[in-house]
Amino acid sequence: MNSNNSVKEADQRIAMITGDPKKAIRVLSVPMIISMFLIMAYNLADSIWVAGLGPNALAALGFINPLFFIVIGLGNGLAAGATSLIARCIGADNKKNADNAAIHSIVLTLAVSAVSTIIILIFLPNILLLIGAGETLGLATQYGQIVFGGMVLFMFSSVASGILRAEGDAKRPMYAMAATAILNIIIDPIFIYYFGWGVSGAAWATIISSSIACILMAYWLLWKGDTYISFTREDFTPNWKVVKDILMVGLPASAESFVMSALGVVLNLMLVITGGATAVAVYTAGWRVVMMAMIIPIGIGTAAITVSGAAYGARNYKNLSNALSYAAKLGVGIALATATISYIFAGYIANIFSYSSQSAFMAPSIASFLQVMFLFYLPVPLGITASSVFQGMGKGITSLILTVLREVVFISFFAYLFAFLLGFGTVGVWWGLVVGGGLGCVVAYIWATIYIRRLKKNY
């Protein structure tokens with residue numbers, strides 16, 4: 001590709017994210033949604049291949065997963081911070097600041113990943129013992145030391161993807177994710193069984209396949225030279241304000257992952273009290289289906305970060321308002337279709353998670369859970385869109401407050417109210433999710449709408 005074509009394509013991407021917000025959200029969200037499904041396939045492949053080593057090996061992955069998702073959440077948070085700041089600079093037609101922000105985000109990522117890697121590797125056995133690894137401690141440590149030793153790969157890939165998305169390029173992160181997922185699925189069984197490396201083989205397969213994404217990202221950003229963002233020594237001016245701007249979105253976005261994990265712990269405790277281990281198993285199985293359905297509104301929300309950031313940077317509050325309303329309407333429309341399918345086929349979906357004789361008795365409960373969740377799907381895109389738009393504007397603290405309000409205040413309160421005070425038991429916890437989550441999402445959307453309306457009025 002010659003330089004003229006490269007410049008033309010980069011200019012077209014910038015014109016897209018600063019132009020019609022509806023088109024930009026559609027164009028950016030599809031590759032993002034595909035990438036998230038690929039990540040799910042990636043994680044599922046690991047679990048399937050490791051399951052062949054026995055329950056202890058699978059349990060070892062289970063103890064590492066929460067820590068791993070914290071790392072992924074930190075990387076995604078930094079990516080959101082980078083996307084937001086770069087998009088705002090692009091919207092303000094300030095390429096120099098956009099380049100400087102991109103370089104800062106890479107340097108910050110390398111520093112954070114280095115410190116995090118050292119801390120986790122030193123304290124990994126203690127952390128695993130604390131969360132109950134017990135007899136699987138050896139296998140979990142063996143797997144974790146390799147995976148967390150390559151933490152920089154995961155964080156760099158996330159932030160590099162965020163930089164590309166900030167300039168309207170969502171396809172190349174998708175290609176990198178596809179290469180990673182396909183390679184991991186292929187080499188997993190080779191390393192685990194053919195080489196006889198067991199759980200270590202699964203960890204090395206993850207590291208090697210993830211390094212492919214990093215190599216591709218580094219090539220596209222640093223060497224190929226066909227991006228709007230450029231990385232040269234002249235583009236870099238150390239500035240703590242730039243670091244602060246990235247972290248003002250990145251850290252609250254990362255904290256949102258912790259908040260949602262904490263809610264999961266609280267709900268599991270309520271379910272244990274009301275229905276024992278079976279209630280937790282039903283919720284775990286059903287929630288996996290819900291999370292798959294949430295991939296689409298999350299993908300749309302991620303696209304909204306770029307579009308709203310560019311609009312906010314340009315002080316184009318009409319585009320900002322359109323980005324909020326269109327992303328929400330698109331998300332709700334798709335959620336309605338997803339919810340309807342989930343409701344109608346709840347029984348068939350439940351059978352997927354209860355195919356054995358030991359788990360068949362759970363099928364009716366899982367089906368009931370999925371049918372209650374019909375009402376949960378509909379308002380969720382409102383909350384996701386509102387949080388994403390606030391992140392795009394650089395208001396990460398506001399986004400975090402809305403998440404805490406929804407997850408900690410509303411959902412926890414209504415789950416407790418319905419399950420214990422009103423005596424509905426396990427089903428009350430489900431309805432707490434629906435009512436609390438729905439109310440929190442509606443409040444978030446109204447908050448965002450009023451905020452943008454005031455911006456338009458005062459401009």
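Predicted model: local features only at pLDDT ≥ 70, side-chain atom pairs only at ≥ 80, totals over all residues.
Helix H7 puts in the largest share of the nonpolar patch, with 4 residues. Trp197 sits in the loop that links H7 and H8. With a relative accessibility of 40%, Trp197 falls in the partly exposed class, because that class takes in whatever lies between the 20% limit for buried and the 50% limit for exposed.

Charge gathers on the surface as well: Lys22, Lys23, Arg26 and Lys329 make up a positive patch. Here the top contributor is helix H2 (residues 21-51), which gives 3 residues. Lys22 is part of H2 and, at 39% relative accessibility, comes out as partly exposed.

Helix H6 (residues 151-166) is another story. Of its 16 residues, 15 are buried, so H6 is largely enclosed by the rest of the structure. The cut-off behind that count is a relative accessible area under 20%. The length of H6 also checks out: at 1.5 Å a residue, its 16 residues should span 22 Å, and the C-alpha atoms at its ends are 23 Å apart, which agrees. Just past the end of H6, Gly168 adopts a positive phi of about 90 degrees.

Note on methods:
Residues numbered from 1 in each chain as written. Heavy atoms only, no water. Patch = residues over 30% accessible without salt bridge, like charges linked within 9 Å, V, L, I, M, F, W, Y side chains within 5 Å. Areas by Shrake-Rupley, 256 points an atom, 1.4 Å probe, with all protein chains shown as cover. Salt bridge = Lys/Arg side-chain N within 4 Å of Asp/Glu carboxyl O. Lys, Arg positive; Asp, Glu negative; His and termini not counted. Charge placed at Lys NZ, Arg CZ, Asp CG, Glu CD. Helix = DSSP H or I, 4+ residues; strand = E, 2+ residues; numbered from the N terminus. Buried < 20%, exposed > 50% of the residue type's maximum accessible area, 1.4 Å probe, protein only. Expected span 1.5 Å × (residues − 1).
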